[in-house]
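Dear colleague,

I am passing on to you the structure below, and I would be glad if you could look it over alongside these notes.

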Amino acid sequence: MSSESMIEQREASNCAGRLIGILLLAHLTGGLVVPFIMLHPLVSPPGFLVSAAGVATQVRAAVLLFFVGSAMAIAVASAGWHVFRRYSSAMALWLVALAVAAFSLQAVDNAHILSMLSLSQEYVSAGAAKAELFQGVALVVGAARKWSHYTFLLTVGCWILLLFTLLYRFRLVPRPLAAFGMIGAVLQIAGVSLRGLLGYSPEVRLAMPLAPAYVLLAVWLMVKGLDVRHRPLEGEEHGAASA
């Protein structure tokens, strides 16, 4: 490869890295932070059955943000596709597949959130006459949302772990930064997603290191882009070329 082609390839990789950094910030804010803040009335006392109807517009806005935010993972995988597949076509494909799976699971979660809103509106309209009936239905609807939500969190956590692992393995960003993100993703999966799916209370504090790791990665990519100076491993390079 000529030096001119290498320079062009590096510039294209830097542009892709900066775009990924912007998309990661959008994913963090629009899919992983802001909507959860907006949905706080649904998960805090007195519960969604009483509270959701009073913040209907807020709930619908949060659902739309969830859709947009979860789509950012697909956008990240797509923006980095041409760079990532040069190093490992398998990891690049898995990144796309997990992003699509997370978006699909978020759509299911959103449907359950809107069901909670509809039930709350019916509860408010019915008054106290059928309160016991609504309480029983609310337990079922709330449980369905809880399990779909933890399944989504596990999938998106695996996507984040794979992204940081790919960046670490091929030194596309400084390895300490990628390692910090890997640790944060593992803590989030173990402390929140898996604990929730196993029926234990989530340990939210274990998920906290992931946020600064995500922000640091996004800022680094926006400033520096992807570091493609390190060539892929020979086996990986041949495998990507034949894919």
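What follows goes through a pair of helices, a pocket and one further helix.

Please keep in mind throughout that this is a predicted model.

I begin with helix H7, residues 131-169, and helix H8, residues 175-197, whose axes come within 8 Å and cross at roughly 165°. Since angles over 145 degrees count as roughly antiparallel, H7 and H8 are therefore roughly antiparallel to each other. The crossing in which H7 passes H8 is left-handed, and the contact of H7 with H8 has, by class, 20 nonpolar, seven polar and two charged residues.

Both helices also take part in the largest pocket, to whose lining H1 (3-38), H2 (40-43), H7, H8 and H9 (210-224) each supply at least two residues. The space in this largest pocket is about 990 Å³, and its lining has 29 residues, of which Phe-36, His-149, Leu-153, Val-192 and Val-204 lie nearest the centre. H7 gives the largest share of the lining, with nine residues, while the lining by class has 22 nonpolar, five polar and two charged residues.

The last item is helix H6, residues 89-126, whose 38 residues should span 56 Å at 1.5 Å a residue, and this agrees with its end C-alpha atoms, which are 56 Å apart. Just after H6, Gly-127 takes a positive phi of about 80°.

With best wishes

Terms used:
Residues are numbered from 1 along each chain as its sequence is written. This is a predicted model: local features need pLDDT of at least 70, side-chain atom pairs count only at pLDDT 80 or more; totals for chains, interfaces and linings use all residues. Side-chain values use heavy atoms; hydrogens and water are left out. Axes are lines fitted to C-alpha atoms, for helices over the stretch in contact, and angles run from 0 to 180 degrees between N-to-C directions. Helices (H or I, at least four residues) and strands (E, at least two) are DSSP runs, numbered from the N terminus. Angles under 35 degrees count as roughly parallel, over 145 as roughly antiparallel, 65 to 115 as roughly perpendicular and the rest as oblique. A crossing is left-handed if the near helix is turned anticlockwise from the far one by less than a right angle, and right-handed if clockwise. Ala, Val, Leu, Ile, Met, Phe, Trp, Tyr, Cys and Pro count as nonpolar, Asp, Glu, Lys and Arg as charged, and the others, Gly among them, as polar. On a 1 Å grid over the protein atoms alone, a cavity is a set of points where a 1.4 Å probe fits but cannot get out, and a pocket is an open set with protein on both sides within 12 Å along at least five of seven lines; lining residues have an atom within 4 Å of a point. Grid points are joined across faces, edges and corners, and a volume is the space filled by probe spheres set on the points. The expected span of a helix is 1.5 Å times one less than its number of residues.
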